[in-house]
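Trainee: I have a new model open and I'd like to learn how to read it. Could we go through a few features together?

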Amino acid sequence: MDDTTGLTRIAILGRESIIVDFNIWCSFVAQDLISNIPSSTYVLITDTNISPIYVPVFQQAFQSISCELQSSPRILTHAIPPGETSKGRETKAEIEDWMLSENCTRDTVIIALGGGVIGDMIGYVAATFMRGVRFVQVPTTLLAMVDSSIGGKTAIDTPMGKNLIGAFWQPERIYIDLKFLETLPPREFTNGMAEVIKTAAIWDEAEFCALEDNASLIMSTINDKISLGSKNRLNSIRALLKRIVLGSASVKAKVVSEDERESGLRNLLNFGHSIGHAYEAILTPQILHGEAVAIGMVKEAELARYLGVLRPGAVARLTKCISSYGLPTSLQDSRIQKLTAGKLCPSDLVLKKMGVDKKNDGRKKKIVLLSSIGKTHEQKASFVNDNDIEIILSDGIEVTPGVPKSLTTEVIPPGSKSISNRALMLAALGNGPCRIKNLLHSDDTEFMLAAIMKLGGATFSWEEAGEVLVVHGNGGNLRANPSELYIGNAGTASRFLTTLATLCKPSIASSTVLTGNSRMKTRPIGPLVDSLRTNGVDIRYIEKPHSLPLEIPASGGFDGGEIELSATISSQYVSSILMCAPYARKPVTLRLVGGKPISQTYIDMTAAMMASFGINIVRSKTEEHTYHIPKGIYINPDEYLVESDASSATYPLAVAAISGTTCTVPNIGSSSLQGDARFATEVLRPMGCNVIQTLNSTTVTGPEPGSLVAIDEIDMEPMTDAFLTASSLAAVAKGTTRIRGIANQRVKECNRIVAIKDQLAKFGVTCRELKDGIEIDGQLASDLDIPQNGVECYDDHRVAMSFSVLSLAVSRSVIIKERECVKKHGLVGGTFYLYRFE
């Protein structure tokens, strides 16, 4: 293979028959065909969209060359309707009948000009017409260039599934003219990027890193509406495009050369396709092949994580890369929901569709499993049980009781969400590089990363197989972005980004829009907006007052000086202003008014982390709840280690408590920045557990099952998020537990106090809602009811994980609905995946 300049040839099956460059269709292809693949008849078949754009210019080139020959070959053209619906028996027969009527013979050379539909079907026509005639592929879409045109797989679809009837029939040439990408719609481009990402994910981490690094430039160029349709609109990424195509095409050519008939190694090219094809079969034609494969890749990576062969960070890294190219990562993606009108893909139907996959061995399903980015678990597809696949596909999960009594285990939770989000923001505002280790990979942190990148706050790269994020901060130099910042239901991101966006300077946009999903649009942000408004930033509510979406003007910073803020609803308001305060026009004095601030431990966490990045705030000794923040610029430390998440640690520790077993969390102890680290000593020990906590570790051994005791009253204000875990234990503790100090939990992902009360009622547990808490009457686990219709989770990861703990204590299996909500916290299946107590 040559370099990325000039005509490049790629060898496949011993011949350099793949030719790649810009502008080869108009001149080179006709000359090469006539000179090297001679015939009396060339048949050019394409679709009715492509025909008027690219057929006339080829006919002209062909005629000008052929007219100089003694025996001039003829060129016939035929166009069929575009789209997957044409890729069937009827269209194939119609083409064959037309060719017979034109007296085509066995020396005919067929030219397949188009995307995957044309290439697959016309290749099959070539394989069967007159028992096989020569053909060449001229792919016009990115997807066809990097995947379907290479390797000789030809096929048509049937009602039972895609590509089930076909043959292996190698093309004589594959002409890849990158100029075709100039007229490719953005959605079709991203459709092809799914196959590019797939190839890098299974084969080459260096290429995967390049895809991560260049996503912003590539997508901004592709989506530039001003240049859309321009002849030279891709000039700025010309070299990148050739690198991408050459990289993917070369890998496929190598694999095909080693395993032409897909006996093993070639299976790897089907990563994402086993589940993706099933989704595509159900949702076609509304979603494209690459969109289905993108979702399939995420699902199959989650399956590898569930089976223990892939780290959660790799799943998150793959998901982020897919998302960065505008591809969906789940069926819940708003675009997929809109395109398909919310059509369901029940797991039993998906498994049925997967049952006719060509890789399968009888009824045994085979799926490509990643072991890391750039590497697969086996050099072929692996056998996977239907039960394991169904867990990944299902909306809910069945939790079965039965933790072994002798179990002693060690669990290392993922990185802290609270610390991860703060570290990202501080490093982006700082100067220089910072290597962040143990960063939580979750929806929340992905939203934060994406938003910071959109605002130009920092650049990011991954090291050590995605375990270390290198942040290159821009020292607070941010620019407003014309596209909205969407943060889903990420409450922390919404509060932090509201203040961060005020630091932006105008660009082509004079303001930034911050928005989220329907639940996020009901969560309060009024106190923070009020404080920023009084400090010179004219933030506008776009829909309802006191909630997202917000239009935040590019103010270049807020005024500073004296700021008052009500902090009785969320400490995140306080942290948001504290972290951005050094970039205000004047030094800030922040006074927290309206009563005792909620979650003081999180404010202390922010102050400690700011000090690690070089800015020391001073808590007033004379004025209560008052902080003085100097002007300055954060200096990024070379490395920052994110503590494991103390809130997530409460779940395995609670499993030990409820089952009478032992669990150690080796990296969270009394020295933790997080208030939830006190859960073991202040909740589990009073409930009857043996707790050993050092500076850096916590070990819990539960009493005999059924021996937990209630806590008469506990103020959980320093660890409010952990109240749900405590509630699940209180349900089976002797006596009544009263929890106070958790009023802020009404305005989290859901009203968590009501959620706990209503869902515990399904277990037959009586609760009483208090002004700032809840009372729970415990009962014997053997007396608990089984929720008839499962546990509702309200799209709240903490509800899901807390009830998974309680479900281990009941007599029969319990269904926990909305399994995917735990992705929000990076648990890729939550307690069910990370903590498999076996």
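Mentor: Helices (H or I, at least four residues) and strands (E, at least two) are DSSP runs, numbered from the N terminus. Axes are lines fitted to C-alpha atoms, for helices over the stretch in contact, and angles run from 0 to 180 degrees between N-to-C directions. This is a predicted model, where local features need pLDDT of at least 70 and side-chain atom pairs count only at pLDDT 80 or more, while totals for chains, interfaces and linings use all residues. Residues are numbered from 1 along each chain as its sequence is written, and side-chain values use heavy atoms, with hydrogens and water left out.

Trainee: At what angle do helix H1 and helix H2 pack?

Mentor: In general, two packed helices are described by the angle between their axes and the distance between the axes. Here, H1 (residues 28-36) and H2 (residues 51-66) pack at about 45°, and their axes are 9 Å apart. That makes them oblique to each other (under 35 degrees is roughly parallel, over 145 roughly antiparallel, 65 to 115 roughly perpendicular, and the rest oblique).

Trainee: Which residues of H1 and H2 meet?

Mentor: Contact means heavy atoms within 4.5 Å. On the H1 side you'll find Val29, Ala30, Gln31, Leu33 and Ile34; on the H2 side, Phe58, Ala61, Phe62, Ile65 and Ser66. Sorted by type, the residues of this contact are 8 nonpolar, 2 polar and no charged (Ala, Val, Leu, Ile, Met, Phe, Trp, Tyr, Cys and Pro count as nonpolar, Asp, Glu, Lys and Arg as charged, the others, Gly among them, as polar).

Trainee: Is Ile65 buried or exposed?

Mentor: Buried means under 20% relative accessible area, exposed over 50%, partly exposed in between (1.4 Å probe, protein chains only). Ile65 lies in H2, and it counts as buried because its relative accessibility is 16%. Leaving aside neighbours within four places in sequence, Ile65 is in contact with Ser27, Ala30, Gln31 and Ile34. Ile65 and Gln31 are 34 residues apart in sequence, yet 6.8 Å apart in space, C-alpha to C-alpha.

Trainee: And which residues of H1 are buried?

Mentor: They are Val29, Ala30, Asp32, Leu33 and Ile34. Their cover includes H2 and several strands, among them E2 (15-21) and E3 (41-47).
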